[in-house]
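Me: I am new to this structure. Can we go through it in short questions and answers?

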Amino acid sequence: MDQIERARDLARRLLAESIPRRWSHSQGVGRKAESVAHLVGDDAATLVSAAWLHDVGYAPDLVATGMHQLDGARYLRDVAQIDQLVCRLVAHHSCATIEARNRGLADELLGEFPPVGGLLADAITYADMTTTPDGDPVEVEQRLSEIFARYGDEHLVARTIREASPLIIGSVRGITEALNRG
């Protein structure tokens, strides 16, 4: 079984029955990552695998800190023994460092999982933030509005996304421009 198949199967096992809407989102993010994977060259399989796995930290049995990026990355590293770069992408997807700081978990996140930058980080953010909770394609501004509506203005996640919005939009624009260049 190759890396992407293993990631997809693991995400399905962790999410499909317990939180089916999150599984739908993860399927859409996986498909979106596949559509831009050529942009990251030799890291294509890493990107797609991380996209399938990016939200496994929401699985009820994995929740420990309440920060799904960190909980998921720890499970992937410690239990599933997934590739380190995949774990780092899961840990840091969609500006997770900001959420970690807001939760008082920044030292843990950064100490355990060094950030991934550049096109690879932009690509997973693009895949996540241009996919609805139901797995359908969406413009980034609509996705951000949906997150605010779902959580409410004062929720920690909404405050984090508000702070991260310029970075998220920048990542999406960067990938869109790279796609348009061909």
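This is a predicted model: local features need pLDDT of at least 70, side-chain atom pairs count only at pLDDT 80 or more; totals for chains, interfaces and linings use all residues.

Me: How many residues apart are E112 and R77, and which helices hold them?
Reply: Their side chains form a salt bridge, with N to O at 3.0 Å. The pair links distant parts of the chain.

Me: Is R77 buried, partly exposed or exposed?
Reply: Buried means under 20% relative accessible area, and exposed means over 50%. The relative accessible area of R77 is 33%. That value lies in between, so R77 is partly exposed.

Me: Which helix holds both R143 and E146?
Reply: R143 and E146 form a salt bridge, with their closest N and O atoms 3.0 Å apart. They are three residues apart, about one turn of the helix. Both lie in helix α9 (residues 140-151), so the answer is α9.

Me: Why does the pair R162 and D153 count as a salt bridge?
Reply: R162 is partly exposed, at 39% relative accessibility. The rule asks for a side-chain nitrogen and a carboxyl oxygen within 4 Å. The closest N and O atoms of R162 and D153 meet that rule because their distance is 3.8 Å.

Me: Where is H93, and which residues does H93 contact beyond its neighbours within four places in sequence?
Reply: H93 is in the loop between α5 (84-92) and α6 (96-103). H93 is buried, at 2% relative accessibility. Beyond those neighbours, its contacts are H54, D55, H68, Q69, I124 and D128.

Me: How far is M129 from A96 in space, C-alpha to C-alpha?
Reply: M129 belongs to helix α8 (residues 118-129). M129 is buried, at 3% relative accessibility. Leaving out residues up to four places away in sequence, M129 touches several residues, among them R143 and I161. M129 and A96 are 33 residues apart in sequence, and their C-alpha to C-alpha distance is 13 Å.

How values were computed
Residues are numbered from 1 along each chain as its sequence is written. Side-chain values use heavy atoms; hydrogens and water are left out. Helices (H or I, at least four residues) and strands (E, at least two) are DSSP runs, numbered from the N terminus. Buried means under 20% relative accessible area, exposed over 50%, partly exposed in between (1.4 Å probe, protein chains only). Contact means heavy atoms within 4.5 Å.
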